[in-house]
Structures are given as structure tokens and as C-alpha cells.
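Hello,

Please find the structure below. My notes on what was found follow it.

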Protein chains: 2
Amino acid sequence: MRQQHYLVPTLRDVPADAEVASHQLMLRAGLIRQLASGLYTYLPLAQRVLKKIQDIIREEMNKAGAQELLMPALHPAEIWQETGRWDVYGPELMRLSDRHERQFALGPTHEEVVTGLLRDEVKSYKRLPMTVYQIQTKYRDERRPRFGVLRAREFIMKDAYSFDTSREGLDESYRKMYDAYQAIFSRCQLNFRAVEADAGAIGGTGTHEFMVLSDIGEDTIAYCDTCNYAANIEKAEVNQQEYEQVQGSGLPMEKVDTPQAKTIEQLAAMLNVSPSQIIKAVALAVDGQVVVALVRGDFELNEVKVKNLLDADVVELLDEERIRTELGSEPGFIGPVGLDGCKVIADYSIKGMTDALAGANEKDKHVVHVSVDRDFSVECYADLRQISEGDACPRCAGTIHFAKGIEVGHVFKLGTKYSEAMGATFLDENGKEQPMIMGCYGIGVTRTLAAVIEQHHDEHGIIWPRALAPFDIHLIAVNMKDDAQRELAEQLYTQLREAGYEVLYDDRQERAGVKFKDADLIGIPLRITVGKKAGEGIVESKLRKNGETQELKAEQLIEQIPSLLEQA
Amino acid sequence: MRQQHYLVPTLRDVPADAEVASHQLMLRAGLIRQLASGLYTYLPLAQRVLKKIQDIIREEMNKAGAQELLMPALHPAEIWQETGRWDVYGPELMRLSDRHERQFALGPTHEEVVTGLLRDEVKSYKRLPMTVYQIQTKYRDERRPRFGVLRAREFIMKDAYSFDTSREGLDESYRKMYDAYQAIFSRCQLNFRAVEADAGAIGGTGTHEFMVLSDIGEDTIAYCDTCNYAANIEKAEVNQQEYEQVQGSGLPMEKVDTPQAKTIEQLAAMLNVSPSQIIKAVALAVDGQVVVALVRGDFELNEVKVKNLLDADVVELLDEERIRTELGSEPGFIGPVGLDGCKVIADYSIKGMTDALAGANEKDKHVVHVSVDRDFSVECYADLRQISEGDACPRCAGTIHFAKGIEVGHVFKLGTKYSEAMGATFLDENGKEQPMIMGCYGIGVTRTLAAVIEQHHDEHGIIWPRALAPFDIHLIAVNMKDDAQRELAEQLYTQLREAGYEVLYDDRQERAGVKFKDADLIGIPLRITVGKKAGEGIVESKLRKNGETQELKAEQLIEQIPSLLEQA
């Protein structure tokens, strides 16, 4: 492609409103332009990369036995009403009416449409399992679109749905998608982790998020420095059940004044104790019932674990009114001593604590020298705290670290949630009607593009991984007015394309500095520069990755390209 | 792909609401399912064909130098307001509001978005010409969606836009797209014509429609049986300027009673004259001004030609009120004799008529023995009539025939309509600001899929052209319970795929009749049947196109496939 007439509007300056590297570089390298908040045009360079990502996804999905189809983006309201999501989805679901005042949504996801399709078209266990997928534009009316295409309102997704006759079948379908995702993100040269995420009521290993490690990520991942364990911090297990506790003084419990000391830090400073000697008590409404959960002061309570322990639907902090009237306590001064008629659960870290400090359930008061079992009792102990950096890995002897991640993929065992709501059943071998057992699997295609740039750039611009680069080679004629340079460049342009390479040819009449800066910004792996030595038949190669340059004889260029690209 | 677990829900019966062959077959062969009126899911077989059509389009567009990009489907209202189309587009434009009550449209076409993009990103003549394209889902809220995906509300289009600095540049960009379209539709094995259509104010050869010949088409094409001339009947030129007229009797004009004779047919029957002896007078409002256009009774007036002749914006039939008050005539009895103060124009067929019959501008009266020039005068003669079947070709000595066509593509010289409205200018070589000169070029991708089926089917089902077939080979194991058959089929399935062929393998436990009927319906070019002679290592090939069967040794199958596919 000749750059002179190619729509790659590079920018010198960093756009003011772009906060993150990928957003800045996508604007600067001429990959995207914003049409309106959260709506982007993908310019030719970006479209070439998107196509390569999509080709990789298709190959791996097909290899895993998934079938590509294409469902409408416009969904009639009725189908969302069948699952009740029309009412609960909220303002992120973009809605519109047609000329006959019938209501539609722009699909953010396709569980309803695909479940309706399989319900109507597949009747027998003989036809299952089946996994279908599509690569399609999706819509989500984000309250605050940000980071360019990372959080856009119109974006491309690959979404897949599996239909099985048994839990074991679902496990197998899930594993195939999991493996395909590993292959896809590896081929995209991403540094990522498949992270266990909370599966809610489904439990088990029912959901993984594929997280690209990046400081701009909005999720925190706990991962092991030794094995490949990784989990969303909401989900990460703490398998420590025994904690070393201080030797007790045997002193009786005593009430002390702690005016204004509402946080663990304030309290620890005021009374000069370690946070690990404080009992943190969190009052919760668990499906409406009052529950007090205890965790050691140096740890954080994980409400998802409370929810799963008690098999609840909703866990919320108890409001101040109920803390006073039902718990008979005081916000900021809640403690386990003297509570009556409510369930008290505790993290393992509480077990056997003595000489501890706790809220006195009175304004500006705490109690000291508290001993578990002597001064209060706990209904049950469990893993209720959030994992901390430095904790032992729950799988091996390694140590847990935290990282931020960008979610690029998600695999999820849906079970029968949608098939039951929509009556998507099959007849089993005994002629009995059973709901189909479903999984769903998503990849953010446009988000993956941004994540690749987030991980592959330097201060000069993008550094495309070979498999995704919009072109293999950036051919630059330094001075198009110089006959020798222009003629050699034109000749190489023809040769390289005839040899099957994708070549961007900078044939612009721009200064050399501009051309080189643009080349670094655009980030094509291998640059071939035709400059002053063109008359002697000498050109220069440069690898974008490491800046390595080499002088080459133009007539030997074609035969050297494969090894140059191998290093690129 | 194993058919047992492949989503191809074939139907025995013709669906009641499907009127045309392609719609019926797409439903019956399991290619599509309707989600709501005008909204379709493309099932895996259809998606495979769509992908092949898209690949062909991409190849030819890229070869023609066009650059692929991807613009949003959601358009902010403001950009449509810039060209005024927000107000004039009507109910076919689907509109919605986001969570902040900002208005958007779902794009039916992208002139506004692309013109805004080029306006912002391209400033100099040096960067032009440029042609960009995208393959994307479009929306049009059809009042009456019909014929399945032929007239849907959500559909896939390839739309391209060219930007040039001169008329000659536009001609060249247009020619490239025209040639690419010829290549694309030829590769899709369509019997089509590139038809000259009316370009309105642009004139010249400014627009062509690519029409697939089909009785279900909604447009009429005039085409030559000798050369490749073809035109929309609205546009087709009649280059006959001399007509043979009857020898005049010399009798004076005379008024006759013709009660209730309002049509040419009624009049000809009542007075026993040939329609070619009648002067048809049509009263028009041409940009508001009264004009009477004359054409011989055996021809039809072409209002588009009147519009172009008079360089008008709007040509309408004059309403009855104005016929009476301004023309001083009577609806149904208009004639050229005695008209005062209005422009009278005539088709060449009127020139030199004598002894003609015409309206008397009085209720239930006509005049006979009318002679042109003697009894009335004509301001100018021109080609104003619609072409007729049997007319001479305007390009060669051939004869014109009519056909119906399905429009699958359209190339159009836009000129500066959008660039002027939106200020998309460039600086020319003298530093002067000029509006970009645009062309736009569309292909209905999903419509092309249906058009292919419309032209390639028989009473048993679809007959895919090789280049678009969802699979190369349909491998059928007649009886999966028979070990010899199953084992040989499995072995061939592996071999054929390893040899690089796309194979649909009917491994279902269905009766042979069902399998064969489905195979004919689905229409894969080459069928390989593993049946009773499997034990002897013998299989049967069958070409879908002509039903030709052949027994083959299984062990020689792989080497015979290329020649079989060549015939398929």
C-alpha cells in the first residue's frame, strides 16, 4: 500500500483527552478517530489488525468444533422479557422503537436470541452438544466511556454459547473454549492470566476471566509467583486455617474510651496496638437477615465469600438505622461482645484470639483484653477474608502477588438459567424433557486490539507483534525526489509484494525525520530504508523491536527477508 | 463438519409465508431463521457462504486500491443534520436516544460519517484520490420487509466512497469500482447486467445499477440482445428521431363525442383507430410550472427524461384543479390544440403526425384529423418516451428486450453534494480550497446471497456455484449402523479434510431418503455416498448440478476429487 494515498493520519502531539497509552497511540498512529463519545471509526491500519485478530479467533474456534453463525444486533423486546432482563438490565441496554412503535434493544449479549434459536431448532439429545459463535458488533450504553476503545459503546465481540445434555458435557465444552482462549491470546502475544472468577450460585471452577496484565486494568488479580494459579481477588481462596496468635495475658475484658476512632488505623494508632490484635466486625444484611462477620484487623472481609458460605442471593452492608435498632450497636463501634439474636461468623484468622481489641457497640467505646470463646462465641469459622499480597498460594508453596488486569475474555458456565427461563429443552434417551445446559464465552475483539498495544509499545510508538502487524514491512524511500532512491524503492516495492509480503510503502514527499518518526509510531516490525546509498544498491533494515539496523545489498534483500522477519 | 451436531435445521415443507424461491430455500435448507419481521439469524451454512462472498469482495476491492476501514453503525444526529438528511430521511431511518437523551441514528448508509472523516483528516490534493470501504451491518426500517433477506431491516452491505480532486479523477475511481463489481458478481456466478440508471442532476454515465436477472426483481431493465447495452427503463435512451407517419388525408380538424373514453385503449376501441394515431398529452408541473408533454399513444411518457431535458428538480403530474383552472382543460381529455400560455414539448414520435386523434380539452370530446404544425405547435422535440420491447438498441443494430432485475450493487457519482454541505475541502496545487469530488458504491452482501440462490436452484433445492458453496463435498454414510459403511466413511472424512477439502459429513442416523433429500436441498456441488458397496471399497460420486453419478474405488477417491470438482 502506498502511504501517500493511505488514510493514516498520524499526530505529533499526545491528544489531551487520552489518558492511557493505547488510547494515545491509537489516535497518534492513525488507527482510530472518535465519531462521538464511545463511538470510534477504525481506520485502515486498525482494520487490518482487527482482521488478523478475527482470523485467529475463527481458526481457534473452528478447531475447537464451534460453528460460526450471525444473529441480529436488533433484538425484539419480547425475547428479553422472556428472561426478565428487559426490566433489570438498566440504562446500559440501548432501546429503540421501530416505525410501528414496537420496542427493540441493541444487543449487548445474545443469550436470549441464541437460547430461543436452539429451543426452536434442536429437540433431541442426539443433536447435542453444540457450540455456536459469532463475531459481531455489540452495544452497551456506558455511563462513562473511557480509555478509547477499551470501554466503548459500540464494540466488536466474539460471543459463543454451548449447549449440552449433562454437567460433564458442559465441563468438556467449557474446557475446549478455555483451551481455545489460551491459544488465541497466546497467538496475540499477550501476557495474560486465566483468572478464576466468582461463579456465584454455580460454584466450582465455573468461570474464568482472561486478564491481560496491565497497570491500567480495572480489576485486581491475585497470582502465584510459582505455579499458574491466578484468581480475581474476590474469588481467591485463602487456605490458611491456623493462625499464630499472641500468648494471652489472661486479663479480664475492659471497656475503654476511643473517641472518634472509627477506623482500624485510627484505633491502632490511638491505643498503640497492631491491627492484627483488632477484631473487625462487619454488620451485614444477608438476604435481609442480620449477620455479623468477623475478620482480623489486618485483613479485609470478602463479602462474596460470605454470600457463597451462606448460599445467599444478596449480601449488603447493614444500614445505620438497622445497626442501631436491630443490632443494638453503633456504626463504627460494632464488636462481637454482647450481641444478641444475630448470627456471628468469623474468618479463620479470628480463631483463638486473646487480648484482642473490639468495638463495644457503644459510641466512642471499645473493649480490650477480649478473648474468643471466653467473651463471645462464633457460630462458624470459614475462609471469609480477601487474599493479601504475600499470602501463601492456595495451590502450592509459592507466594501471592497482586496485579491489575484488563479483561479481554470470559468463559462462564451458565447452567440452566436461560434454558429454563425460555423453555429450551431436549428429549433425553428416555424421552424425558430436560433443560439444555449452557455455557457462554466472550472475547472483546476491539478491546484485545487495545490491550495488545498497551503491552507492546515504547516511548516512540507501537511495536506490533508479528502475527498481528498490519503490514510485514515498512518500506521507506527517504527522498522521493532523488531518482536513484525512488527507482530502487519502487522496484523493491514490486518485488516484495510479488514475494507475498504485506508492504506499506512510504512514498510521501516528506522530510526523512517525519517519515522515521511515523514509522516508529506505526510500529511495523521490519523497516527497509532506501536512502543515500541507493545508488550503490545498498539499503538498511531496522527492527522496530530492538532498533537493530543492518546494511544490505538490495539485490539480496528478498532472500534475507525471512530471517529478518524471524528476528522482528 | 459432522452433520449430527451441526446446526442445519432442514424443513420438509415450504414455509407458508415465503413467496419466492430463495426465501423458501433459505428456510428449508437451514440457512436462516427469522427473529422478527425483517430480522434474520444466518445459520452456519449461510455464514460460510457469506464469508466467501465477503472474501471475494475484499479481494477485488483491495485489488482496485480501495482501503478497508470500519465506521460506527450508531451515528449522532448532528452529523445527519449537517446535510439536512436527519429531517428528510423519513421513517426508514431508525432513531434512538442514549442515556443522556442525545439522539442517534442506526446508519443505513455512511456518506455523512465518511465525509466528516475525510474533511477532518485529509487537507491536501497530494493525499487524493482515496477510496475507502467497509463491510458492515446496515439498518433500514422498511415499511414492508419481504422476500426474506432480499428486503430486510438489518442487512450486510459493502459500502465504498471515493474522494477525488477532479471530475476526471472521479471518472477513473468510478471505473475502477465498476470493474471490481463486474469481477465480484462474475465470481459469484451471477447472471447480471450493469444497467445505466438515472443519475439525476449529475447526468452522463454517472450511475449504474448491477442487476441480477430474475422474475422476482422489482425493477425493469431494458437490454440489448446483441451488444451489452442495458439500462433501467427510466433511463434507457431511444435514439430514434424519425418515425414513419401515415399519409395525411388533408381533412380539416373536427370535434367528436367520446363519452367516458379516458384511456388510449378505450379511445382506440371506440373510434377504431390504432393507438399510434393518437396524441397522448400529459400535463405536468415542472418545478411548479405547467408543461404539456406529448407522446404517441402507443408509447409511454418518461418523466425522468422531461426532468433532465428541462433541468428540473421536481416533475409531478398536474393536479385536476390546476388542469381546469390554469390549463383550461379537462382531466382525461387533454390535447395540444388550443392550449394557451403553457410550454408544449413532444417526443420525436409526434413529429409530422397528420390525421391524428387528440383530446379536445373538453369533457367527453376529442378532435380528429389533427395535424402537427397546422393545428398546434410544439416548442421542442426530444427523446421523451420510455423505451419499448422490440425497439432498436441505442448502441447497435440489436433489439431491446425487457427483464426484471434484483439490484445487488450500485455505483454512483455523487459529485460535491456531501462535501459542499459538510465543508470537506482540500487545498489544490495553487493553495485554493476546493470541495472533494465524491463517488459512492454499494453492494448488498446478504442480498447477493439470496440472489445467488434465486439463480441457482431446481425443484429439489439449492445448487451452489463452486466458488460460494459452503462445503466442497457432502460425504454421506447411508447407514451409520453398518460397520463397513461407517468405518469407510470415517476414514474418507479424515482423508478428505487432510487433503484440504471442506467436507460436510452426514453421520446422522437417519434414513437414506432423508439424507439424500437433505443433500439435494443443501446443494453442495459434489456428493460422495458410502453405501452398500462399502465392503468392496466402492463409493458413489454425484454432481448436484446435473445429477451425474459414478462408482469409484474408495482408495482412488482422493486423486479423482480435483477432476470431479472441476465438473461440479
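**How the two copies relate**

Chain B superposes on chain A by a rotation of 180 degrees, with 0.0 Å of shift along the axis and an RMSD of 0.1 Å. The two copies are therefore related as by a two-fold rotation axis. In chain B, the C-alpha of B:L96 is nearest that axis, at 2.6 Å. Both copies use the same surface: 100% of the contact residues of chain B recur in chain A. Please keep in mind that this is a predicted model.

**The interface between the chains**

What does each chain bring to the contact? Chain B gives 60 residues, and chain A gives 60 residues. About 5300 Å² is buried between chain B and chain A. Carbon and sulfur atoms give 61% of that area.

Six salt bridges are found across the interface of chain B and chain A. One of the salt bridges in the model pairs A:E121 with B:R33. Their closest N and O atoms are 2.7 Å apart. Between chain B and chain A there are also 30 residue pairs in polar contact, with both residues at pLDDT 80 or more. By class, the side of chain B that touches chain A has 34 nonpolar residues, seven polar ones and 19 charged ones.

**Domains of chain A**

Chain A is divided into three parts:

- Domain 1 covers 3–237 + 402–453.
- Domain 2 covers 254–382.
- Domain 3 covers 471–567.

How far apart are the centres of domain 1 and domain 2 of chain A? Taken over C-alpha atoms, 40 Å separate them. Seven residues of domain 1 of chain A are in contact with four residues of domain 2 of chain A. These two domains of chain A bury about 390 Å² between them, 36% of it on carbon and sulfur atoms. On the side of domain 1 of chain A that touches domain 2 of chain A, two residues are nonpolar, one is polar and four are charged.

How many salt bridges are counted between domain 1 and domain 2 of chain A? The count is zero. Polar contacts are present, though: three residue pairs between domain 1 and domain 2 of chain A, both residues at pLDDT 80 or more.

**A salt bridge within chain B**

Over all chains, the structure holds 98 salt bridges. One of them joins the side chains of B:K305 and B:D383, at 3.0 Å from N to O. This pair links distant parts of the chain, 78 residues apart. B:K305 is in helix 8 (residues 303–309) of chain B. B:D383 is in the loop between strand 20 (380–382) and strand 21 (400–415) of chain B.

**Backbone points to look at**

Most residues other than glycine have a negative phi, and most peptide bonds are trans.

- A:P129 sits in the loop between helix 5 (111–121) and strand 7 (130–139) of chain A.
- In chain B, the bond from B:L128 to B:P129 is cis, with omega near 5 degrees. B:P129 lies in the loop between helix 5 (111–121) and strand 7 (130–139) of chain B.
- A:D373 is found in the loop between strand 19 (365–370) and strand 20 (380–382) of chain A.

Best wishes

Terms used:
Residues numbered from 1 in each chain as written. Chains lettered and ligands numbered in written order. Predicted model: local features only at pLDDT ≥ 70, side-chain atom pairs only at ≥ 80, totals over all residues. Heavy atoms only, no water. Domains from an automatic or database assignment. Contact = heavy atoms within 4.5 Å. Buried area = accessible area lost by both parts, 1.4 Å probe. Salt bridge = Lys/Arg side-chain N within 4 Å of Asp/Glu carboxyl O. Polar contact = N/O pair within 3.5 Å; in protein donor to acceptor, adjacent residues only side chain to side chain. Nonpolar A, V, L, I, M, F, W, Y, C, P; charged D, E, K, R; others polar. Least-squares fit on C-alpha atoms with pLDDT ≥ 70 in both. Helix = DSSP H or I, 4+ residues; strand = E, 2+ residues; numbered from the N terminus.
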